[in-house]
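Please keep the model in view as you read.

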Amino acid sequence: MGEAPGDYLEFATARSGYLFRTACLLTGGDRHLAEDLVQETLAKMYRSWRRINRTQSPVAYAHTVLVRTFLSHRRLRSSGERPSDWFPDSAGHPDDPELRLTLLDGLARLAAKDRAVLVLRYWEDRTVEETAAAMKLSQGAVRVRSLRALQRLRELLGDELAGLATR
């Protein structure tokens with residue numbers, strides 16, 4: 001492949017931690033799969049680095065590649081294994097670690113596409129349009145999937161969430 005351009009190395013170094021955290025959320029805490037997804041994402045970015053328009057956010061492009069790589073992996077995976085109870089370290093000091101762990105557990109129990117839409121919309125704070133582009137869905141499908149995924153998350157965490165809210 002040759003030597004990587006300096007701006008690519010700078011980008012990969014600066015963004016790999018953020019990509020890893022997002023990948024951990026997408027995979028439901030499977031650290032090894034998250035590392036593989038980030039590595040594959042950065043490899044894809046490297047291969048097309050010269051074509052990536054840096055005036056349009058390469059960060060958004062990287063997250064789109066990550067989500068599409070995750071969804072492709074989920075489609076191709078034939079096993080039904082589930083990740084363990086391990087959760088990624090937080091980037092900061094959350095106000096309520098127990099609530100955070102409960103939400104991460106619920107997120108891990110959602111279907112891959114539901115998890116992806118919630119991570120993009122509410123963790124990455126992406127717009128409906130950006131989420132639709134990243135997931136190759138219509139904007140209406142993103143809205144419906146977001147609504148249903150949030151409802152499913154509330155169903156999964158109903159009693160656990162209620163117990164945490166009354167403390």
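Start at K136, which is exposed because its relative accessible area of 66% is over the 50% cut-off. K136 sits in the loop between α6 and α7 (139-165). As background, most residues other than glycine have a negative phi. Do keep in mind that this is a predicted model.

You can find another such residue in the loop between α5 (112-123) and α6 (128-135), where D125 lies. D125 is not a glycine either, and its phi is positive, near 60 degrees. Is D125 buried or exposed? With a relative accessibility of 64%, D125 counts as exposed, since the threshold is over 50%.

Now step back to the chain as a whole. How many helices and strands does the chain have? There are seven helices and zero strands, so that, by the way helices and strands are assigned, the order from the N terminus reads α-α-α-α-α-α-α. Of the 167 residues, 39% count as buried. The chain exposes about 9,900 Å², and carbon and sulfur atoms supply 50% of that area. If you take the contacts between residues at least 6 apart in sequence, 69% of them join residues at least 24 apart.

Helix α1 (residues 6-26) and helix α2 (residues 31-47) have axes that come within 9 Å and cross at roughly 145 degrees. Their crossing is right-handed. On the α1 side, the contact is made by Y8, F11, A12, S16, L19, F20, A23 and C24; α2 brings R31, A34, E35, V38, L42, A43, M45 and Y46. What kinds of residues make up this contact of α1 with α2? They divide into 13 nonpolar, one polar and two charged.

Which residues of α4 are buried? They are T102, L104, G106, L107 and A108.

Conventions: Residues numbered from 1 in each chain as written. Predicted model: local features only at pLDDT ≥ 70, side-chain atom pairs only at ≥ 80, totals over all residues. Heavy atoms only, no water. Axes fitted to C-alpha atoms, helices over the stretch in contact; angles between N-to-C directions. Helix = DSSP H or I, 4+ residues; strand = E, 2+ residues; numbered from the N terminus. Left-handed = near helix turned anticlockwise from the far one by under 90°. Contact = heavy atoms within 4.5 Å. Nonpolar A, V, L, I, M, F, W, Y, C, P; charged D, E, K, R; others polar. Buried < 20%, exposed > 50% of the residue type's maximum accessible area, 1.4 Å probe, protein only. Areas by Shrake-Rupley, 256 points an atom, 1.4 Å probe, with all protein chains shown as cover.
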